[in-house]
Amino acid sequence: MFTSDRTFRVWRYGIGHSQLLLRAVPDSMDTACLDLLFEGVNAMQLVQQYKSIEVCSASEVEAEEILGFSGAEPPARELLLPVVLRSTSGSGFVLCRSVTALRGGEDPVGSDSDSEDRSVVWSSRPQT
């Protein structure tokens, strides 16, 4: 679904809005932040950082394991997207309603302000 050679770290999780943000901050090769924004997060299992990340749709077996872990019941299951995160530094998963890759912002601290000019690089939602 999505790959990047950059290193992403868990940047923010907001339980009230069920949003998870993984961020790759600017470095010598890339002058803008690259964010992975997961919305409607129902469950997750993460490592601290993802080097050379690959965001994949969960296989049928993986999806059942993730849905079982979450405790989500039908019909809510059909609204959720089981996503597997793989990298050279570890793997994990997120069960969410959508995931979007956003590029923008040059602040080396990586401001999480929504006022930054960011562009959508890629997005995915469940097929209903």
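Biologist: Where is Ser52 found?
Modeller: Ser52 is in strand S5. Strands here are DSSP runs of E with at least two residues, helices are runs of H or I with at least four, and both are numbered from the N terminus.

Biologist: What kind of model is this, and how are the residues numbered?
Modeller: It's a predicted model, where local features need pLDDT of at least 70 and side-chain atom pairs count only at pLDDT 80 or more, while totals for chains, interfaces and linings use all residues. Residues are numbered from 1 along each chain as its sequence is written, and side-chain values use heavy atoms, with hydrogens and water left out.

Biologist: Back to Ser52. What is its phi near?
Modeller: Phi of Ser52 is near 55°, which is positive even though the residue is not glycine. Most residues other than glycine have a negative phi.

Biologist: And which other non-glycine residue has a positive phi, of about 50°?
Modeller: That's Ser18, with about 50°. Ser18 sits in the loop between S1 and S2.

Biologist: Which peptide bond is cis?
Modeller: The one from Pro74 to Pro75, with omega near 0°. Pro75 is in the loop between H1 and S6.

Biologist: Ser4 next. Is it buried or exposed?
Modeller: Ser4 counts as buried because its relative accessibility is 10%. The cut-offs are under 20% relative accessible area for buried, over 50% for exposed and partly exposed in between, using a 1.4 Å probe and protein chains only. Ser52, at 31%, is partly exposed.

Biologist: What does Ser4 touch?
Modeller: Leaving out residues up to four places away in sequence, Ser4 touches Leu34, Ser52 and Ile53. Contact means heavy atoms within 4.5 Å. Ser4 itself is in strand S1, and its side chain reaches the backbone nitrogen of Arg6 at 3.2 Å.

Biologist: Change of topic. How many residues are in the largest nonpolar core?
Modeller: The largest one has 20 residues, and Leu22, Leu36, Phe38 and Leu85 have the most contacts inside it. A core is a set of buried Ala, Val, Leu, Ile, Met, Phe, Trp, Tyr and Cys residues joined through side-chain atoms within 4.5 Å.

Biologist: Which strands each supply at least two residues of this core?
Modeller: S1 (2-14), S2 (19-24), S3 (34-39), S5 (49-57), S6 (81-87), S7 (90-96) and S8 (98-104). Apart from that core lies another, of ten residues, including Ala43, Leu80, Val84 and Leu95.

Biologist: What is Leu36 in contact with?
Modeller: Setting aside neighbours within four places in sequence, Leu36 is in contact with Phe2, Phe8, Leu20, Leu21, Leu22, Ile53, Val55, Thr100 and Ala101.

Biologist: How many disulfides does the search find?
Modeller: Zero, across the whole structure. The criterion is a pair of cysteine sulfur atoms within 2.5 Å.

Biologist: Which residues does Glu39 touch?
Modeller: Not counting residues up to four places away in sequence, they are Ser18, Gln19, Cys96, Arg97 and Ser98. Glu39 lies in strand S3 and is partly exposed at 27% relative accessibility. Glu39 and Pro126 are 87 residues apart in sequence but 12 Å apart in space, C-alpha to C-alpha.

Biologist: And Ser98, which side chain does it join through a polar contact?
Modeller: Arg125, at 2.9 Å between the side chains. A polar contact is a pair of N or O atoms within 3.5 Å; within protein, one must be able to donate a hydrogen and the other to accept it, and residues adjacent in sequence count only if both atoms are side-chain atoms. Ser98 is in strand S8 and counts as buried at 2% relative accessibility. Ser98 and Ser124 are 26 residues apart in sequence and 5.7 Å apart in space, C-alpha to C-alpha.
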